[in-house]
Amino acid sequence: MAPPPDSLLLTMSGITKLFPGVRALDGVDLEVQAGEVHCLLGQNGAGKSTLIKVLAGAHQPDGGVITWQGEEVSLKSPIAAMRLGIATIYQELDLVEGLSVAENIFLGHEPASAGFVVKKREARERATALLARLGHPEIQAQRPVGSLSAAQQQIVSMARALSHDVRLIVMDEPSAALDPDEVNNLFRIVATLTADGVAVVYISHRLEEIRRIGDRVTVIKDGRTVAVGLPAKETPTREVVALMTGRNVEYVFPERPGAAATAEPVLRVEGLTRDGEFAPLDLDLRPGEIVGLAGLVGSGRSEILETIYGARKPSAGRVLVDGVPLRPGSVRAAVHAGLGLAPEERKAQGLLMLESVTRNVSVSSLSRFSRGGWLDRGEERRAAQTATRELSLRPDNPEARIRTLSGGNQQKAVLARWLLRGCRVLLLDEPTRGVDVGARAELYAVIRRLADEGLAVLLVSSEVPEVLGLADRVLVLREGSVVHRAPAGELDEHRVLDLVMEGSPTP
């Protein structure tokens, strides 16, 4: 239950923020009480990131009032926000991988004698105490941050926030890279913090998380507040989605074709394995079929996709396209045979973030537009725009920088690249990670339509309902082995979770 009204910690009233040609915030309101989890929701581009950067002191508002503990304040810098007790943990963690855990936690405010000599032992001891408070005494203070898992790095970011006298922590998509057990641990930590009176502003696209962890919800759409302080557990999901999108979005997946795919397999995997990552795997994939791989993070799902694609070399086994074996460990051979990969980390691995939409779509097909060693930019642009229009990519501007697009439209650009290339087998790794509710529905429809048009799709997702809703057949993985195979319609979420936690390998 949310704290009583007299515990009001923060108010942001009528906040506006202008960028050249864009009104990013147009009178946004937010109220946060001490000890509550206040969820901030909105589609990509709604203004959430801009608002939390105003709160963090990284952006200066062009209008509005910010009140902290009843007094009007001006957050002129991140240091000013931190001094008040406001800490922000961004989705892209801003840790220094080459420094130790303790050095990251106290970076910029190191314990020092006479203001000059850093007290390294004291820093390690205090870091160890903070990590123990968060329930992670196993993280060693002297260990390099770059050697930690994503979940452990997030704990370090929380410890850094707590190294200040923090009263409010903003968490931006904190569960995006976590498996179910790590998410449960995150929620335990949040509960511990709020019990101590610390407020948490929680941003997530996963609406089921909001219902589990949230006290109240504020919804932003197109830079404006459309709802403030809704009860998180009592407000129907349909109502929240309608507020975010301006329309009702049914949580239904595109209808599957009535009959199973009967053509000869376009992709065949025989005894494929990588020592220490996944056991020998046999798999057939037919044109028009979507096969899903379900399992926890670390079960070998992504490694299987990357090995099929040639980004990893197998220890044994082979991959065949139309009965022809591919050269092991060769991305070039895989792409030439008609395979395309939309990777899990699309910003780091799948996109040229400083380039245009056109170049991101055409990059795998540039030879098509070369004439005597010269690139026909006009033809390149027209072909890329045709591919993006087929997927309803927005904005319809081939010269827009890819970094300015929402997560859903960036993913459409990756798919458009492989359509332009003439891809026949599409490997999708976490296709809707960081994508808002409305854009997810669009991506689901796009993936199903591509399959209906004859594309073969191999899908990996951490979200079991997504696998079951999109796939025709499902392979359930546990610790690198297939423990169950079945048509998606014969499984439900509880059955899959039971299998990934307790299953034993089956043929």
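Contact here means heavy atoms within 4.5 Å. The structure is a predicted model, in which local features need pLDDT of at least 70 and side-chain atom pairs count only at pLDDT 80 or more, while totals for chains, interfaces and linings use all residues. Residues are numbered from 1 along each chain as its sequence is written, and side-chain values use heavy atoms, with hydrogens and water left out.

Leaving aside neighbours within four places in sequence, Met-82 is in contact with Ala-87 and His-164. Met-82 belongs to helix H2 (residues 78-84); helices (H or I, at least four residues) and strands (E, at least two) are DSSP runs, numbered from the N terminus. With a relative accessibility of 22%, Met-82 counts as partly exposed, a class that lies between buried (under 20% relative accessible area) and exposed (over 50%), computed with a 1.4 Å probe on protein chains only. From C-alpha to C-alpha, Met-82 is 7.8 Å from Ala-56 in space, although 26 residues separate them in sequence.

Helix H1 (residues 48-55) is largely enclosed by the rest of the structure, because six of its eight residues are buried. The buried residues of H1 are Lys-48, Thr-50, Leu-51, Ile-52, Val-54 and Leu-55. After H1 comes Gly-57, with a positive phi near 85 degrees. Ser-7, in the segment before strand S1 (8-19), is also buried, at a relative accessible area of 18%. Beyond its neighbours within four places in sequence, Ser-7 is in contact with Gln-33 and Ala-34.

The interior can be described through its nonpolar cores, a core being a set of buried Ala, Val, Leu, Ile, Met, Phe, Trp, Tyr and Cys residues joined through side-chain atoms within 4.5 Å. The largest core has 79 residues, and those with the most contacts inside it are Leu-267, Ile-308, Leu-339, Leu-426, Leu-427, Leu-458 and Val-474. Helix H15 (residues 437-452) supplies the largest share of this core, seven residues. Apart from this core lies another of 51 residues, among them Val-101, Ile-169, Ile-213 and Val-219. When neighbours within four places in sequence are left aside, the residues in contact with Leu-427 include Leu-305, Ile-308, Tyr-309, Leu-339 and Leu-458.

H15 also packs with helix H14 (residues 407-421), at an angle of about 15 degrees and with the axes 10 Å apart. Axes are lines fitted to C-alpha atoms, for helices over the stretch in contact, and angles run from 0 to 180 degrees between N-to-C directions. H14 is therefore roughly parallel to H15, a term for angles under 35 degrees. In this pair, Gly-408, Gln-411, Lys-412, Leu-415 and Leu-419 of H14 meet Ala-439, Glu-442, Leu-443, Val-446 and Leu-450 of H15. The residues of this contact divide into six nonpolar, two polar and two charged.

Some backbone features remain. Most residues other than glycine have a negative phi, and most peptide bonds are trans. Asp-222, in the loop between strand S11 (216-221) and strand S12 (224-231), has a positive phi of about 55 degrees although it is not a glycine. Asp-322, which also has a positive phi of about 55 degrees, is found in the loop between strand S16 (316-321) and strand S17 (324-325). Asp-322 is partly exposed, with a relative accessible area of 45%. A cis peptide bond, with omega about 0 degrees, joins Arg-394 and Pro-395; Pro-395 lies in the loop between helix H13 (377-390) and H14.

Definitions and conventions. Angles under 35 degrees count as roughly parallel, over 145 as roughly antiparallel, 65 to 115 as roughly perpendicular and the rest as oblique. Ala, Val, Leu, Ile, Met, Phe, Trp, Tyr, Cys and Pro count as nonpolar, Asp, Glu, Lys and Arg as charged, and the others, Gly among them, as polar.
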